[in-house]
Structures are given as C-alpha cells and as structure tokens.
Amino acid sequence: MSALPAVDDLRATFRAELEGITTPDQLQELRNRYLGRKRGVVTALLKSVSQAPPETRRDLGRQANTLKQEIERALAERREEVARTPAPTDSQAKGAETVGKTIGYGADPVTLSPTVRAELSVRTPVDVTLPGREVPLGHRHPLTVIREEIEQIFTGLGFEILEGPEVEDDYHNFEALNMPPEHPARDMQDTLYLDAPLRARGARPGTLLRTHTSGMQIRYMETHEPPVRIVAPGLVYRRDTPDLTHSPMFQQVEGLLVGEGVTMADLKGTLETFLRQLFEPDTQVMFRPSFFPYTEPSAEVFISCVFCSGDGCAVCKRTGWLEILGSGMVHPAVLEAVGYDSERLTGWAFGVGIDRIAILKYRVEDIRAFYDNDLRLLEQFPY
Amino acid sequence: MRILVSWLRDLVPVTVSVDELAEALTAHGFEVSAVEPAPPIPDRPARGEDAVLDIEITTNRPDCLCVAGIAREVSTIYGGAITWPPVADAPAGDDALPVTIEDGALCPRYAASVAEVAIGPSPAWMAARLEAAGVRPINNLVDVTNYVMLELGHPMHAFDLERLAGGELRIRRARTGETVRTLDGVERALDRDMLVIADGARPQAVAGVMGGADSEVTDGTVRVAFESAWFDPVSVRRTSKRLALSTDASFRFERGADIDAPVRAMRRALQLLGEIGGGAARGSIVDRYPAPRDRATVVLRHHRIGQVLGVDVEPDFVPATLERLGFSVAPESVESDGGARWRVTVPPHRVDVGREIDLIEEIARHHGYERLPSTFPALIRPPAAASDALSRQRLLRRVLTAGGCSEAITYGFIEEAAALPFVDRPDELVRIANPLSEKFAVLRPSLVPGLLDALIHNRRRERRDIRLFEIGRRFTAADGETSGFAVALTGSSVPRHWSGGERPTDLFDAIGLVDRVCDAFGVTPAYEPPDERGTLVADRAAAVRATAREAAEAVQLGHVGQLAPTIAQARGLPADDAIYVAELDLAAMARAGVDRRRMAAAPLPRYPSIVRDLAMVIDAALPAATVRDTIRSVAPETLVHVREFDLYAGKGIPDDRMSLAFRLTFRAADRTLTDVEVQQAMDAIVAELKTTHGAVPR
C-alpha cells in the first residue's frame with residue numbers, strides 16, 4: 001500500500017505547524033483547523049472517502065484515519081508540554097485573560113479560539129445588573145383567574161360550561177325556579193328591573209337583570225334531555241348598595257347535575273372535591289341546612305377558615321368556618337317546570353360567588369376593589 | 001328572631017349548655033348568629049343558664065318566628081316533651097261584638113273578643129321578656145298581644161272599642177279614595193286591592209299590616225276589641241310593599257301564619273290579661289271561619305329518602321321525628337319492594353310542607369347533614385366540549401394579555417351621561433327602572449365608558465402607561481344584549497428603557513392589537529373611514545369590517561380610533577392625554593372568522609424567495625390599502641407578501657404627495673424564481689401604479 005500524496009502532504013504541513021505552537025489557544029486553533037467538525041481539513045478528507053473511486057476508497061479511508069489518530073496524539077502530547085512551560089507574560093496573553101475574567105468563563109481561557117477572543121476583546125464590558133427590556137404582558141383580572149380555575153376543575157369533573165343572558169325574564173329568573181310572583185323568597189335577592197322590556201333571543205322579552213345564573217339551568221333543561229351536567233358562570237346583579245362585602249354586580253358560578261340516582265351524598269362528595277382543589281387539599285367542608293326555593297333539601301356549605309385554619313379569627317367571627325356557597329337537591333317543581341320526570345330524575349345544584357372566593361383566597365378586604373381595576377392590584381396576579 | 005332561653009324553658013326542657021343549644025339549632029337550619037347575655041327577668045325562674053339567641057329564620061319557616069316554634073325543634077332534637085302555655089277557658093255567652101267578613105278570600109278566618117281593661121304598665125317580667133326579644137313594652141294591653149306573638153307566633157291587634165263606629169268590625173277591601181292614619185302617624189292612601197279592618201264607617205286598620213291611630217289603645221281606653229285573624233299572604237305582601245310598610249305582623253302573615261292559631265292565641269291573650277290583672281273578657285270569642293280548611297296529607301316513602309339523600313335512614317327514625325315536629329304519621333301498606341311508607345298529615349303551622357320532598361328535608365335536617373356520606377355521581381354521558389363562545393373568550397384573553405393589555409371588569413350599568421355619546425338617540429339606551437343611584441342608571445351600550453373610567457382611575461394614581469381590555473355584554477334597545485370586547489390605551493407604547501427608545505402610543509398600536517385579534521380569530525380585517533361617530537376623533541378613526549365566512553356579505557366588526565378628547569375630559573382626564581380605543585363585536589368576529597382550531601398547517605417553502613423594495617410617490621390622500629390592492633391585482637401569484645415599510649412626506653416630495661415604500665416578497669412553491677421573472681412582475685406593478693394612481697417611482 002503506497003501512501004497517498006494528499007495524506008502525506010497534510011501530515012507534513014501539520015508537523016511543521018505544530019513546531020511553532022507555544023500557547024494553549026494556538027494549539028486549540030490548530031486543532032480546529034485540522035480536526036474541527038466543520039472546517040477541519042482532516043475531517044473533510046474523511047468525509048471525502050465515500051466519494052473516492054472504489055479502487056482507492058479503502059486505502060484512503062484507512063490512511064486518513066491513521067492520520068487523524070496521529071494528529072490527535074501529537075496534539076495531546078504538545079498540550080502537556082505547553083502546560084508545563086511557564087505562563088506567558090502579561091503582554092502576550094492579555095487578550096485571552098481579560099476576556100476570560102470579564103466574561104466570567106472561568107479559569108480556562110484556552111477554550112476561546114483567537115477569533116472569538118478577538119471579537120469579544122473589542123466589546124465594551126456589559127453591566128448585567130442593568131434591567132432587561134420590559135416584555136409587555138397584560139394580566140388577567142383576578143376574578144377571571146378564579147373563574148377559569150373553577151371552570152377547569154369542573155371541566156375535569158365532566159361538566160359542560162355555558163353562558164346565559166344577563167338580561168333575563170321573570171320566568172327564567174324566578175318563576176321556573178319555584179319562586180312565583182309575590183313569593184317572599186324574592187326578597188332574598190333584591191332585583192333591578194328594566195324600564196322597558198329588552199328585545200330577547202327567546203320568546204320572552206327580558207325585563208330584569210339576572211340575580212343569579214340559575215336561569216341558565218332552566219334554559220338548558222328546556223332544550224336538552226337529561227342527564228345534565230353543566231356549570232354556568234357569569235355576571236349577576238342585585239340592588240345592593242356597595243360596601244366592603246356587597247357589590248351591585250358580581251360574578252357567580254352555578255352548577256347543575258340531573259340524572260337517575262343522583263343523591264345529596266353525590267353533591268357532598270363533588271363539592272368537597274371542588275373546594276379542596278380550589279383551596280387547600282386539607283380544607284374541611286361542612287354542610288348545614290338552609291333554604292332556597294329552587295332546591296330541597298338545601299345546604300349552605302362552609303369551609304374551614306382560610307385565615308386561621310379553623311382556630312377562630314375575626315374574619316370567621318371566631319367560628320373557624322367560612323360560608324362559601326349555597327346548594328341543594330333540585331326542587332321537583334323546577335324539574336317539572338322544564339318537563340322533566342321528577343320521580344325518575346333527581347339532581348343537585350349549587351351557586352358560588354366568585355368575588356367571595358377571590359376575597360378569601362387573595363385576602364382582598366373590599367369587594368369594590370375588583371371593579372376599580374387598579375393596575376396596582378391587577379398586576380399582582382398571575383398572567 | 002331573638003329567643004330568650006329561659007322563656008324557651010317554659011315550653012321545653014333545655015338540658016344542654018347555651019352554646020351547645022346554639023350549635024344544635026344552627027346544625028338544624030336555624031343559624032344562631034349571636035349569643036347575647038340575657039337581661040335579668042324578675043319573678044321568672046331561669047332554670048339554668050340564660051341567654052338571648054339571635055336566630056336567622058329562613059323565609060320558609062315562619063312557624064319558627066316564635067318561642068313555640070323553636071321549642072318544637074328543640075323537642076325534636078333532644079326529646080323533651082313540650083309544655084304548652086296555659087290558655088283561658090273560652091268565655092261563654094253571646095258574641096262579644098258584630099264581626100262581618102266581606103272578603104272571605106283575603107280573610108278566611110277572623111276571631112275577635114272584647115275585654116274590659118285597666119290600662120297600665122305590664123309587670124316587670126313581661127316587660128323584661130319583651131325587651132329581651134327586642135320589642136319595646138308600651139302598656140299591658142299592647143304588651144299582651146306582642147307577648148302572644150313572640151310566644152306562639154300569631155300576630156294580634158287590639159282596638160279601642162269605644163272608638164269603633166257602631167262597635168263593629170268589618171273585614172273588607174278598601175274603597176277608592178279611602179285613607180287611614182296608621183299607628184306610626186302616617187296618613188295612608190288605600191286602594192281596592194288592600195284589605196282593611198273597618199268599623200261601621202271607615203277603615204281602622206290595614207289588615208295584617210298595621211292598626212289605625214284613631215282606634216289606638218290609649219291610657220284612657222276601657223274596653224278593647226282583640227283581633228286574632230288569618231290573612232292571605234299574597235295580599236298582605238302586596239299591601240305591605242305598596243305602602244312601603246313592613247311590620248312584625250306583615251312579616252309573619254306574608255310568610256304564612258297558622259290558620260288554626262287565632263282562637264288559641266286569643267285564649268292565651270285573655271289568660272295573660274287575667275294573670276297580670278289587666279282586665280277580663282266580656283262575652284264569648286267570635287270565630288268567623290266559614291270554610292275550615294282540611295289538613296294536607298302527604299305520602300312519604302322510605303326508599304325515596306335514600307334515593308334523594310344517598311344515605312340509609314332507619315325506618316323507625318322517620319315517624320318519630322315527624323311526630324315530634326307536630327305531624328301526624330300513619331303507616332300505610334308496605335310497598336311492593338318491602339319498603340315502608342307513611343301517610344303524613346301536615347299541621348297548619350307548617351306552611352312549607354306540601355309534598356314528599358318537604359318531608360325528606362325534615363328527615364335530612366334531623367338525621368344530620370354531617371351523616372351524609374361523600375360519594376360521586378356516575379358519568380353516564382360523555383361531557384361536551386367547551387362552547388365556542390367560551391373558547392373564543394379564552395383565546396381573546398390570551399391574545400390581548402400577550403399584547404400587554406390587562407383585563408378590567410367594569411359595571412354593567414353606568415351613568416346616563418357617560419352612556420349617551422355611545423348611542424345615536426337617547427331612546428337607544430336601556431334604562432333601569434329602580435336604579436340604586438344615578439351612577440347605575442342605564443345599561444352600558446358600549447364597553448368603552450367603563451374602560452375609560454378604569455383608565456382614569458389609574459391615571460389619577462400616577463400611572464401614565466395604561467393598556468386595559470374588557471370582554472363583556474353591551475345593551476341597546478335596537479340590538480338587545482351583545483357580546484364584545486374593547487381595549488383602551490394611553491401613555492407609552494414602548495416603555496422607557498435605559499437603552500432609550502420610548503415611543504408614545506398611537507393609533508397604529510390600537511390597529512395592531514385589532515390585527516392580532518383578527519388573526520387569532522381567522523378574520524381578515526379591512527379598515528375604512530368610519531361612519532359618523534362622535535366618540536372618535538374624525539381623522540384618527542376607522543371602521544373595522546370583514547367579509548362573512550358563509551355568505552359573501554360585509555360584516556361590521558366595530559371601530560378603532562382615538563377617543564374624542566371631550567368625552568375623556570368629561571370624565572376627568574387631563575386634556576393632553578391621548579386615548580386610543582377599539583371595540584369589536586364577538587358575534588360578528590365569529591361570523592367573519594374561521595375556526596383556527598380546525599386549521600391545517602401549510603407546508604414550509606422549499607425554494608428561496610426574492611425580496612424587492614418599491615418606493616412610489618403618490619397622492620397623499622390615497623389609502624395604502626388601495627395601492628396594496630392595485631399591486632396585488634397585477635402581480636403574479638408568486639407575490640406572497642406585500643408590506644409597507646416606509647412612509648415619507650416632506651423635503652423632496654411635492655406638498656400633496658407622499659412616498660410610500662413597499663417590500664414585496666416573491667416565491668414559487670415548485671421552483672426557484674429567476675430575477676427575470678421577478679423583474680417582469682415589478683415592471684408590470686410599476687406600470688399599473690403609474691396608470692391607476694399616477695404614481696412615480698422615487
């Protein structure tokens with residue numbers, strides 16, 4: 001096997017150049033020129049093997065590989081020699097050292113090639129403690145943050161999320177919910193009425209601002225066969241004078257589940273899961289009898305106080321419990337109003353105030369703060 | 001409802017501590033909101049720890065607006081027997097006075113009696129108990145009626161008999177034009193829907209609401225007529241609302257009183273009157289009850305309790321509980337599945353019980369909510385996907401927050417003055433009939449006024465750079481309720497950085513945001529001169545339009561522009577602040593958009609593109625979009641992108657002209673383009689621009 005001229009030439013040139021090497025970075029530069037992944041001449045030689053004529057391919061391959069190993073060995077030997085020789089004088093290595101220290105690449109400036117070193121050494125040092133450019137990113141409203149969290153939990157529990165109109169008619173807001181005209185329970189929700197009926201999507205013109213999102217229950221059941229599993233979030237309106245805990249407009253999420261064999265125990269299990277996901281996994285949940293015209297039996301649901309963990313504080317009035325939502329088994333009259341069989345089907349519903357949850361979770365003292373839209377508040381919340 | 005524990009002990013043994021009692025009542029649906037120390041009650045044994053419980057009584061339980069009602073619950077919870085307070089024997093003799101019910105529908109039952117009395121103060125124990133319950137003692141007569149109401153729950157009234165014309169009582173509707181001066185001294189106009197208690201001449205009381213001042217019991221009264229009646233709840237409620245007069249009596253009657261109670265309450269009042277030496281009955285008790293009502297019966301099935309509650313309740317627990325609450329329970333033949341069932345007779349004080357579910361509630365309350373297990377409903381049908389409207393809102397929120405806008409939520413009702421500029425005519429506004437105040441008088445026709453107020457709120461708190469958005473409903477008489485979103489921007493677009501480069505917000509920041517949203521919704525927006533719109537600055541505004549996806553018709557999406565400074569200033573913003581707003585309709589966006597969730601990705605280009613710049617001097621009034629359209633109209637399909645990159649007017653350009661520079665990108669899907677091809681296209685474009693717009697290459 002005769003040596004191929006190209007291989008021999010390369011070997012000779014390399015040997016000559018190696019002689020002149022005195023510093024680690026010169027050595028690195030030499031290595032790059034011969035063995036560099038992209039520009040290395042030996043690397044290129046090895047790559048060319050596959051294109052060589054079949055008769056010379058095998059020889060060329062073998063010799064090129066040998067040359068590569070030789071060069072690697074020689075470079076390794078020379079690296080040790082260079083390391084043993086005393087450090088270059090200041091003037092000789094100024095560039096490399098300055099760059100190494102300023103940029104903070106550590107104690108081994110050897111890794112910087114002359115090209116890179118040259119490029120960096122002409123740059124002004126940068127003060128990395130200066131602030132970066134602001135990335136303009138807006139914030140979701142805290143009530144939206146809570147609302148989407150609730151939607152997500154109930155989506156996970158298999159609920160469909162729906163929205164209904166804010167201007168409602170009396171039938172959907174009250175009557176179909178077992179609150180006929182003159183029902184004293186209507187006093188529980190002081191209603192804002194419109195001056196004149198508003199053109200409506202359905203048959204009945206809207207005459208009032210919904211006092212709860214429960215009207216959506218009726219609208220859905222009127223148009224869907226059971227089983228029903230929905231959650232309806234949205235704004236609701238009451239004729240309440242604004243103060244620390246009241247706002248004439250607030251957000252509510254209403255949940256409804258109707259089917260065969262649905263029990264109050266299911267309501268309890270579902271709401272416990274929901275509240276533990278929303279607050280803390282160890283949140284205590286308590287059900288107490290209450291009254292709503294559209295559910296029976298009805299339950300007010302309490303959680304262990306998020307401020308004192310149930311020890312008793314000013315917020316929970318020393319009870320250790322916070323009222324968080326209203327719920328109950330759907331009143332058979334409500335099922336009958338939408339034409340459901342109230343003997344075959346049972347269901348439950350709940351309504352929870354998003355504002356109230358936000359107040360408790362984020363410890364905002366004044367519900368009105370949510371509607372001031374003060375950026376100093378909004379910007380505290382996750383995006 | 002304030003309940004004195006020592007009074008409660010008159011009726012039922014209370015063997016637990018006051019705190020335990022309060023907790024138990026709360027756990028059974030009677031929330032004790034406060035436990036207060038009891039005042040000393042002279043001459044009445046406390047029989048243990050005393051206190052006043054402040055109890056929230058839900059609207060369905062008017063029977064518990066008294067000591068007796070709470071006693072029934074306590075008896076059911078703890079098992080002690082109820083001792084009913086003593087009542088006077090029914091006095092014999094002729095009817096005490098003539099009583100005529102003229103409207104039996106609004107007053108099915110009216111009992112009355114007459115007593116000769118000596119008016120004076122009540123004994124200390126009675127006055128103290130009334131005060132503990134929150135009722136001011138007045139004189140022995142009035143106090144007796146109030147005492148009976150607090151104890152047995154039935155409201156009573158006493159007339160000065162000498163003041164009743166003809167010494168008679170007529171229960172009738174008020175006549176047109178009639179008035180009555182009520183006990184609070186107010187002269188009240190009555191109407192034909194209101195029930196009154198009249199004497200032979202005129203109304204002496206508003207039935208179930210308040211007595212009249214003319215027949216008020218005074219220190220000089222010697223004979224009284226007691227009233228103990230039952231009035232139609234709806235009628236009392238309507239009258240009370242119409243007169244804006246709510247009393248302890250109307251509160252109870254409108255929720256439903258016990259129709260069996262009038263005579264019992266009357267006999268208790270007469271007994272108390274005798275006990276305190278205030279007087280004695282004269283003549284018998286008149287009881288007008290022409291059509292006695294049957295007690296309702298309800299069938300309760302044991303298995304249904306389990307079906308609703310999801311807990312197994314011992315069959316024996318059911319009749320035992322209901323009987324203690326005052327129901328009569330008769331077992332019925334066993335159901336085919338072997339389950340028990342009962343026929344339950346409802347006592348008339350339980351106005352809330354009319355069907356099986358009402359009894360199941362009673363069982364649930366007394367069995368204990370804490371004993372309900374926690375289970376999960378079976379998922380029998382696959383859940384539906386999130387609605388399109390909701391998905392669009394979430395997408396919109398992502399795009400706008402990524403665009404640097406923070407979300408605001410503002411009131412759905414606003415001041416009329418703030419709303420007016422946003423409608424063409426005042427009658428477009430949707431007004432609230434009973435607004436809380438002028439601040440909340442009309443439903444917002446646009447999201448902009450609310451956003452503007454939020455922006456001003458922040459401007460007044462040292463914020464200069466503000467970007468807000470809101471997603472919400474708008475209301476107008478013509479369009480009804482619609483969903484939209486709006487943005488409001490002011491201050492710097494690029495905030496100041498130490499490296500420089502601050503830039504104030506301008507119209508094209510707002511347009512850029514609209515572009516982004518449109519892109520997200522798959523809408524291709526066109527910006528055109530707006531129709532007459534006073535809310536925006538004339539030369540800094542555009543109507544945003546697009547083409548509907550399904551029908552090839554133009555869709556009006558909304559507007560973008562600089563808010564008219566007069567509007568901002570009217571709300572208190574400094575005059576030199578420029579505010580840019582955009583408001584788009586979400587339904588229109590949906591109509592004009594394609595669902596980007598169902599898109600297919602375009603293959604990446606395989607061949608290089610050729611970029612050419614072209615600067616043309618054109619008429620300064622010519623919209624860029626028109627020039628762009630002209631370019632596209634003659635360009636081959638290899639022109640994949642046209643974008644304006646420079647606009648210059650001034651030195652070197654004639655006054656009414658401008659230089660508009662476009663960057664054109666050419667690329668073919670199947671080959672590398674040649675310079676020659678591209679040059680031919682450029683030549684054609686330049687020629688067309690010259691012909692169509694008189695454009696000159698710069």
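Reply: First, a definition: a helix here is a DSSP run of H or I with at least four residues, and helices are numbered from the N terminus. Keep in mind that this is a predicted model.

Me: Which residues of α12(B) are buried?

Reply: Look for R392(B), R397(B), V399(B), L400(B) and T401(B). Their cover includes the strands β19 (406-407), β23 (466-476) and β24 (480-490) of chain B, along with the helices α15 (507-520) and α17 (586-592) of that chain.

Me: Now two helices together. How do I read a pair?

Reply: Two packed helices are described by the angle between their axes and the distance between the axes. Take α5 (residues 140-152) and α8 (residues 261-275) of chain B: their axes come within 9 Å and cross at roughly 130°. Angles over 145 degrees would count as roughly antiparallel and 65 to 115 as roughly perpendicular, so α5(B) and α8(B) are oblique to each other. The crossing is right-handed.

Me: Which residues make the contact?

Reply: From α5(B), they include V144(B), Y147(B) and L152(B). From α8(B), R264(B), A265(B) and L272(B) are among them. By class, the contact has nine nonpolar, one polar and two charged residues.

Conventions:
Residues numbered from 1 in each chain as written. Chains lettered and ligands numbered in written order. Predicted model: local features only at pLDDT ≥ 70, side-chain atom pairs only at ≥ 80, totals over all residues. Buried ≥ 20, exposed ≤ 12 C-beta atoms within 10 Å, placed from the backbone. Helix = DSSP H or I, 4+ residues; strand = E, 2+ residues; numbered from the N terminus. Contact = placed C-beta atoms within 7 Å. Axes fitted to C-alpha atoms, helices over the stretch in contact; angles between N-to-C directions. Parallel < 35°, antiparallel > 145°, perpendicular 65-115°, else oblique. Left-handed = near helix turned anticlockwise from the far one by under 90°. Nonpolar A, V, L, I, M, F, W, Y, C, P; charged D, E, K, R; others polar.
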